[in-house]
Amino acid sequence: MGQKQSQQEKDQALIKAVTNGKIEEVRTLLKNGANPSFEIDGRSSLHWACYQRVNQDVLIELLLRSGADKDKYDSFGRTPLMIACITSNVCALRVLIKSGADLNARENRPESKRTALFIAMDFDKQQDCVCELMNAVADQKDELNNCFISASEHGLVGSQSTLCAHPIE
């Protein structure tokens, strides 16, 4: 183990530590120069952290403090905030919102240009994510109105109920 790791080995080890929820290992790797923007399978360490169910808030905060781009698109055209919505990871969502992630970013996909709120609504089971995002975009009446129309058109009953419970002034 006394051998010095190459940059690529550090970067790969970082993503492995993130996907295994190993906080101290992540902290050590970042301190030793691992790149939080390094990608494996088209996703950065921050994207991978949004899939985690253990220690994700601490992992995300460590990565952000080390320079991870909170609005970076993965190779599938999605930001970490969108991944948090897809995986219904409310804890990750809260940390990203608090860090100032772009709530208006749209998917960078030929077939879809949804925001995180639209993504959460499309799954219709992520009501906690919908509520968190609605609170974060409460001052953006047009976005909320568009979401209500979309929920109505697609028969997303849970999302409609959540939107109706959130008054748009």
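**Figure 1. Overall fold: 10 helices and 2 strands.** The protein has 10 helices and 2 strands; these are DSSP runs (helices H or I, at least four residues; strands E, at least two), numbered from the N terminus. The model is predicted: local features need pLDDT of at least 70, side-chain atom pairs count only at pLDDT 80 or more, and totals for chains, interfaces and linings use all residues. Residues are numbered from 1 along each chain as its sequence is written, and side-chain values use heavy atoms, with hydrogens and water left out. From the N terminus, the order of elements is α-α-β-β-α-α-α-α-α-α-α-α. Of the 169 residues, 48% count as buried. Buried means under 20% relative accessible area, exposed over 50%, and partly exposed in between (1.4 Å probe, protein chains only). Contact means heavy atoms within 4.5 Å. Among contacts between residues at least 6 apart in sequence, 64% join residues at least 24 apart.

**Figure 2. Helices α6 and α8 pack roughly parallel.** Two packed helices are described by the angle between their axes and the distance between the axes. The axes of α6 and α8 come within 10 Å and cross at roughly 10°. Axes are lines fitted to C-alpha atoms, for helices over the stretch in contact, with angles from 0 to 180 degrees between N-to-C directions. The two helices are therefore roughly parallel to each other. For such angles, under 35 degrees counts as roughly parallel, over 145 as roughly antiparallel, 65 to 115 as roughly perpendicular and the rest as oblique. The crossing of α6 and α8 is right-handed. A crossing is right-handed if the near helix is turned clockwise from the far one by less than a right angle, and left-handed if anticlockwise. From α6, Val90, Leu93, Arg94 and Ile97 take part. They meet Asp128, Cys129, Glu132, Leu133 and Ala136 in α8.

**Figure 3. A salt bridge joins Arg94 and Glu132.** Side chains of opposite charge can pair when their charged atoms come close. A salt bridge is a side-chain nitrogen of Lys or Arg within 4 Å of a carboxyl oxygen of Asp or Glu. The N to O distance between Arg94 and Glu132 is 2.9 Å. This pair links distant parts of the chain: Arg94 sits in helix α6, Glu132 in helix α8 (residues 127-136), 38 residues apart. Arg94 is partly exposed, at 46% relative accessibility. Glu132 is also partly exposed, with a value of 22%. The whole structure holds 8 salt bridges.

**Figure 4. Glu107 and Arg78 form a salt bridge between two loops.** The closest N and O atoms of Glu107 and Arg78 are 2.9 Å apart. The pair links distant parts of the chain, 29 residues apart. Glu107 lies in the loop between α6 (90-98) and α7 (116-123). Arg78 lies in the loop between α4 (56-65) and α5 (80-86). Glu107 is buried, at 1% relative accessibility. Arg78 is buried too, with a relative accessible area of 16%. Both residues belong to a network of salt bridges that also links Arg109, Glu111 and Arg114.

**Figure 5. Arg27 and Glu24 pair within helix α2.** Their closest N and O atoms are 2.5 Å apart in a salt bridge. The two residues are 3 apart in α2 (residues 23-31), so about one helical turn separates them. Arg27 is partly exposed, with a relative accessible area of 34%.

Figure 6. Cys50 is buried, at 0% relative accessible area. For Cys85, the closest cysteine sulfur is in Cys129, 5.0 Å away and again too far for a bond. Cys85 is buried, at 0% relative accessibility.

**Figure 7. Positive phi at Asn55 and Ser88.** Most residues other than glycine have a negative phi. Asn55 has a positive phi near 65°. This residue lies in the loop between α3 (45-49) and α4. Asn55 is partly exposed, at 28% relative accessibility. Ser88 has a positive phi of about 55° and is not a glycine. Its place is in the loop between α5 and α6. Ser88 is partly exposed, with a relative accessible area of 30%.

Definitions and conventions
Disulfide = S-S within 2.5 Å.
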